[in-house]
Amino acid sequence: QHLGDFPKRLWQNTTTQYEYCPMPGVAYKRLEKEIFCHNYYLSNLCDESRFPDWPLREPVEVFRASLEELKKQMNRDENEEVEALQKATSVLNLKPGDG
């Protein structure tokens, strides 16, 4: 739906240009504190009772992504988070209290 009538217009005129319109990210309360690394939520990956012997397609890449996320979490600065939120709010033309 976010493409609107663009596919139809593109079919009629192959030189039609798509106007990019940023969409706000989707956030789920249940996943708010989850860490997502290389297509896996780490809490599920580590839960051997619910997901025993879960096969990893690219174990080395999952490990690397996990290490990178750990570094990010260790170096996280609250000021940067506030600035990132303000920038996102500005880009999306949101007012304080929206979403």
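## Aromatic pairs

Rings of Phe, Tyr and Trp (the six-membered ring for Trp) are taken to pair if their centres lie within 6.5 Å, and planes under 30 degrees apart count as stacked, over 60 as edge-to-face and the rest as tilted. In this predicted model, local features need pLDDT of at least 70 and side-chain atom pairs count only at pLDDT 80 or more, whereas totals for chains, interfaces and linings use all residues. Residues are numbered from 1 along each chain as its sequence is written, and side-chain values use heavy atoms, with hydrogens and water left out.

By the ring rule there are four aromatic pairs. Among them, Phe-6 and Tyr-18 are edge-to-face, at 5.1 Å centre to centre and with 65 degrees between the planes. This pair links distant parts of the chain, with Phe-6 in helix H1 (residues 6-12) and Tyr-18 in the loop between H1 and strand E1 (36-37), twelve residues apart; helices (H or I, at least four residues) and strands (E, at least two) are DSSP runs, numbered from the N terminus. Phe-6 is buried, with a relative accessible area of 12%, while Tyr-18 is partly exposed at 37% (buried means under 20%, exposed over 50%, partly exposed in between, with a 1.4 Å probe and protein chains only).

## The cluster

The rings of Phe-51 and Trp-54 have centres 5.0 Å apart and planes at 35 degrees, so this pair is tilted. Phe-51, at 27% relative accessibility, is partly exposed, and Trp-54 is partly exposed at 32%. Together with Tyr-40, Phe-51 and Trp-54 form one aromatic cluster.
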